Amino acid sequence: MNLMNITRRNFLKTVVAGLGTLSLTSELLHFKKWAHASAETALSRVPTICNGCGNRCGIIAYVKNGRLWKIEGNPEANGNLGVICPKGHGYLYDLYNPARIKSPLKRVNGRFEPITWEQAYKEIAQKINLILLSHGPQSIFWANYPQTNHLYALRLMHALGSPHYFTHGSTCYTARNAGWVYTVGELPSNDLANSQLIVIIGRNPAGGIDLGQVKRIVQAKEKGAKLVVVDPRHSETAILADEWLPIKPGTDLALLLAMINVMIKEGLYDKKFVAEKTVGFDQLEEQIVNYPPEWAEKVCEISASTIVRLTRELAKAKPKALIHRGYHGAFGAQYLNSFQTARALAIANSLLGNINREGGIYFPKTALLGELQPKHPAPELPQMGKLDGTGVPGRYPLGSYGDGIAHAIPELALRGELKAGFVYHYNPLRTNPNPKRVIAGYQKLELLVAIDTVLSETASVAHDVLPESFYLERTEAIDTKHSGKRAQVSIQQQVVKPLFDTKPGTQIIIELAKHLGVGKYFDFDIEEANRLRLKPLGVTLEQLKEKGVLFVGYKWKEGFDRLNTPSGKVEISCQRLERLDFPSVPQWQEPLVSPDPNDPHSFRLLHGKQAIHTHAMTANQPILMSISHRYDMIRLWMNRGRGIQLGLKDGDWVQMESLVGKGRIRVRLTDGIHPSCVWLPSGYGIFSKHLKTAYDIGLSYNDFLPTYFDPTVGHAMASEIVVKVMKA
Ligand code: SF4
């Protein structure tokens with residue numbers, strides 16, 4: 001029967017025939033009763049935090065008959081102002097995803113077997129204790145994509161005597177953070193909603209995705225603000241822009257140096273601010289003469305007249321003008337010159353006098369949570385640098401000890417220095433550069449424990465897998481991430497009961513600690529920990545659970561007396577850098593590699609997020625992946641002119657090769673990208689056979705990226721990739 005031709009009458013006929021001896025009337029009555037009861041069932045409402053990406057937006061989850069019904073944005077939440085994105089909706093699928101890990105797993109003869117939690121904990125503790133005895137605490141590590149409970153993972157490593165706690169920062173943001181910290185003492189925010197001119201260099205909040213930032217940009221534009229996007233690609237944010245400047249990739253530093261040159265040469269900077277709140281202006285003034293706009297035009301391919309005009313516009317709008325503080329692209333962990341670029345960014349903003357000013361760059365007010373101690377004493381801090389070189393004089397001297405250099409783990413494992421590790425809510429086999437080497441390193445470990453909800457690439461090679469409850473099934477630690485001009489706390493709380501034999505991340509950490517013999521530092525549960533941490537803020541856990549997010553009193557004020565730098569001022573020239581043999585004021589530095597201008601097949605490979613995927617994490621969601629297919633989004637962007645030169649048509653298959661990898665992908669020919677580069681969306685190229693929806697679809701830039709460590713913070717230099725692209 002053609003399904004399209006089913007009428008109510010023939011449907012009922014068919015049903016009657018099929019039911020045989022069953023009483024149709026009683027069945028229909030039963031259905032009606034069920035439908036009525038279902039319609040009558042009240043929706044229960046639980047505020048919580050979305051885990052679909054690192055933004056951790058405030059959401060309200062609705063439950064009906066014990067099942068998740070829908071989620072909505074929490075209008076009180078500072079980070080997303082009541083909206084949620086497609087990833088947030090799509091990620092819900094994982095709650096009922098049949099591919100979820102349903103119990104602890106142990107690898108036996110290359111296959112996973114379900115085991116009990118008790119057996120898993122006992123066997124893991126036995127192996128860890130043996131490794132501790134023979135190789136010492138420095139041979140153990142914990143790596144995770146930051147979660148609200150990261151403090152407890154850190155406490156566990158410290159309790160075991162290991163300094164080795166890693167985040168994904170070395171492949172994401174560490175150069176950007178260091179650039180700001182060495183200039184103004186901390187990482188600031190952008191007061192987008194009150195700005196009159198917003199310049200965004202190499203950041204894509206509309207694709208990245210930061211919902212709060214996008215809303216605030218739109219608010220500013222509604223008040224008449226201008227948005228300028230500087231990006232080699234016409235990104236999702238460029239769609240919102242008044243002006244798009246397609247810069248040559250890797251040269252953002254040249255643009256910023258030239259803008260600083262214009263500000264100083266034309267006397268456009270905030271002289272009062274510079275005189276009172278900065279140190280080292282004279283050294284900058286001396287050196288910046290080397291970087292006029294005419295020089296920059298040749299390097300970054302933005303015309304000198306545009307650079308001068310844009311700088312004058314910024315100066316006119318100052319201090320309600322800002323150059324976005326940046327994230328991943330250009331500044332984060334992309335180029336050899338990323339740290340210098342971040343320094344130049346911080347200095348350019350400072351010259352506008354916009355530091356901690358309305359409409360400029362500001363320091364958000366973060367809630368100061370209480371401590372677990374003295375009630376629950378903290379372990380001693382391990383007195384040693386990390387094997388990756390962070391915290392060790394002479395090696396990656398600006399590196400972040402707190403983040404570590406996670407993409408060094410395979411190296412350290414291959415050298416036999418790391419022997420066992422826990423990887424939590426993180427998938428380095430797919431998201432770190434040069435997977436062949438990453439796999440070899442992680443497979444060299446004597447023990448790898450993955451804590452995850454699905455069998456990702458990393459979980460697939462682990463010795464033991466501990467299943468974490470899906471985020472809607474667990475209550476976690478208080479979060480302070482989305483503080484802005486007012487400090488805000490938020491909470492991730494249980495919405496539905498766990499469907500399988502899984503546990504919340506914090507509970508897993510606490511139970512691991514108890515089995516590892518360091519339970520004295522973990523004599524609490526998440527409820528008690530949350531109460532202790534909220535205590536100084538004058539709000540109760542019950543109030544927070546009721547609303548999901550709460551403002552807690554600290555309010556932002558314009559201006560500052562003293563910054564968190566040695567001089568207490570903006571360090572335009574930085575003596576600490578000079579002592580470490582880095583330039584004290586930013587200087588031009590070429591990218592590490594560049595495409596061959598004489599080879600028509602040679603391109604720089606860039607990459608970035610699409611608004612429907614969170615790197616590799618959401619690729620296996622059928623709804624999100626169906627959007628990728630429907631809109632033909634799994635393609636390599638290439639400049640139309642360059643493509644035609646290679647004899648390509650839109651949609652053709654191409655072969656792409658770098659020093660370390662190769663693969664085939666279809667091409668998207670467009671005028672929306674600088675001719676010197678190609679751009680690959682991140683989130684594809686999944687190779688875990690357990691993730692059936694995503695398996696073997698598209699490519700990942702990590703397959704083409706050699707293993708690099710920049711000399712400042714040790715970041716991955718993730719855009720220092722030259723590829724050859726040929727018609728397949
Ligand atoms: S941006 Fe989207 S996926 Fe990320 S936390 Fe917010 S709603 Fe969830």
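Me: Quick one to start: which residue in β15 is the bridge partner of A143?
Reply: V423 is the bridge partner of A143 in β15. Strands here are DSSP runs (E, at least two residues), helices are runs of H or I with at least four residues, and both are numbered from the N terminus.

Me: Before I go on, what kind of model is it, and what pLDDT do local features need?
Reply: It's a predicted model, where local features need pLDDT of at least 70, side-chain atom pairs count only at pLDDT 80 or more, and totals for chains, interfaces and linings use all residues. Residue numbers start from 1 along each chain, following the sequence as written.

Me: Back to β15, then. Parallel or antiparallel with β6?
Reply: Parallel: β6 (residues 140-144) and β15 (residues 420-424) pair over five bridges. Two strands are taken to pair if DSSP finds at least two bridges between them.

Me: What order do the strands of that sheet come in?
Reply: The sheet is open and has seven strands, in the order β5-β4-β17-β16-β15-β6-β7, with mixed pairing.

Me: Which strands stand at the edges?
Reply: β5 (111-114) and β7 (165-166). Each has a single partner strand, so one side of each has no neighbour in the sheet.

Me: Which strands does α4 lie across?
Reply: Helix α4 (residues 117-135) lies across β4 (105-108), β6, β15, β16 (447-452) and β17 (464-467). Relative to β16, α4 runs at about 140 degrees. For angles, axes are lines fitted to C-alpha atoms, over the stretch in contact in the case of helices, and values run from 0 to 180 degrees between N-to-C directions. Contact means that the C-beta atoms of two residues, placed from the backbone, lie within 7 Å.

Me: Let's zoom out. How many helices and strands in the protein?
Reply: 25 helices and 26 strands. The C-alpha trace spans about 90 × 65 × 50 Å along its principal axes.

Me: And how does the radius of gyration sit against a compact globule?
Reply: They agree: a compact globule of 728 residues would be near 27 Å, and the protein has 27 Å. That radius is taken over C-alpha atoms, and the globule rule is 2.2 Å times the number of residues to the power 0.38.

Me: What are the domains?
Reply: Domain 1 is 24-96, domain 2 is 105-172 + 395-555, domain 3 is 179-364 and domain 4 is 602-727. The bounds come from an automatic or database domain assignment.

Me: How far apart are domains 1 and 3?
Reply: Their C-alpha centres lie 40 Å apart. The contact takes eight residues from domain 1 and five from domain 3. On the domain 1 side, four are nonpolar, four polar and none charged. For those classes, Ala, Val, Leu, Ile, Met, Phe, Trp, Tyr, Cys and Pro count as nonpolar, Asp, Glu, Lys and Arg as charged, and the others, Gly among them, as polar.

Me: Which residues come nearest to the ligand?
Reply: C50, G52, C53, C57 and G88, out of 13 residues around the ligand. Being near means a C-beta atom, placed from the backbone, within 6 Å of the molecule or strand in question. The shell has seven nonpolar, four polar and two charged residues.

Me: What about the sheet of β1, β2 and β3?
Reply: That sheet is open, with three strands in the order β1-β2-β3 and antiparallel pairing. The twist averages 30 degrees from one strand to the next. Six bridges join β1 (residues 44-49) to β2 (residues 58-64), and β2 pairs with β3 (residues 67-73) over six bridges.

Me: Who's opposite whom along β2?
Reply: R45 stands opposite Y62 in β2, and the partner of Y62 in β3 is K70. I59 stands opposite G73 in β3.

Me: What does phi look like at N65?
Reply: It's positive, near 50 degrees, in the hairpin of β2 and β3, which has two residues between the strands. N356 also has a positive phi, near 55 degrees, and N356 is in the loop between α15 (338-351) and β14.

Me: Last topic: what does β24 pair with?
Reply: β22 (residues 635-639) runs parallel to β24 (residues 662-670), joined by five bridges, with L636 opposite V667. β23 (residues 653-657) pairs antiparallel with β24 over five bridges, and the two form a hairpin with four residues between them.
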